[in-house]
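I opened this model to look up its sheet and its ring pairs. My notes follow.

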Amino acid sequence: MSEEGNIDIFNPRIPERKDLDKSVGLVWAIDEKHLPDFLTPRDCPRVTYHIGEGTSEHDKEVFFTSLDIEHVVIIESSWFQTMKNTHLYLYEFDAKGFELQDDIAGYYISREAQKPIAKYTVNDLFEALLKRNVELRIIKNLWDISDKIKSTTLNWSICRMGYAQPRL
């Protein structure tokens, strides 16, 4: 996913994450199952989670509003207009060029430059999430749910909290 619609080739970049080797550039990709975690503007703070193999019945009952929902994306209300007005571009790659880096997050990596084999425009991020049967929650502040979700059996992702509202 990118907010840039004119990328012809993805060159490896040094990862910003502190837990990854800074001497090896990577091209990142995600699988379809985890795509909802990235159907937001790039810098939009968000808490996302989905049911995994080890998810307890208790966590399913507490953190989901319906039995047919398996994925939740939560953003702050201050990001509503930005999300409403953002267009994203979904670049598709040949899977042969990637290896799985993190099964829970759905991250795949390549150490080589990658040329997309297709590009799709996502004009309505809310619709894209709802089409994937994702529950979207819009709340004032993410910190409480961010703290709570970390102690669950859910598969979760917490992104861009540096752009979140301050803790209450």
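I first noted that two strands pair if DSSP finds at least two bridges between them. Strands (E, at least two residues) and helices (H or I, at least four) are DSSP runs, numbered from the N terminus. The model is predicted: local features need pLDDT of at least 70, side-chain atom pairs count only at pLDDT 80 or more, and totals for chains, interfaces and linings use all residues. Residues are numbered from 1 along each chain as its sequence is written, and side-chain values use heavy atoms, with hydrogens and water left out.

**Sheet.** I looked up the strand order. Four strands form an open sheet, E8-E3-E2-E9, with mixed pairing. Strands E8 (135-139) and E9 (155-159) stand at the edges with a single partner strand each, so one side of each has no neighbour in the sheet. I then checked E2 against E3: they pair in the antiparallel sense over five bridges. Tyr49 has Val72 in E3 as its bridge partner.

**Rings.** I counted eight aromatic pairs in the structure. Rings of Phe, Tyr and Trp (its six-membered ring) pair if their centres lie within 6.5 Å; planes under 30 degrees apart count as stacked, over 60 as edge-to-face and the rest as tilted. Tyr49 and Phe64 are edge-to-face, at 5.5 Å centre to centre and 80° between the planes. Tyr49 sits in strand E2 (residues 46-50) and Phe64 in the loop between helix H1 (57-63) and strand E3 (71-76), 15 residues apart.

Is Tyr49 buried or exposed? Tyr49 is buried (under 20% relative accessible area; exposed is over 50%, partly exposed in between; 1.4 Å probe, protein chains only), at 0%. Phe64 is buried too, at 8%.
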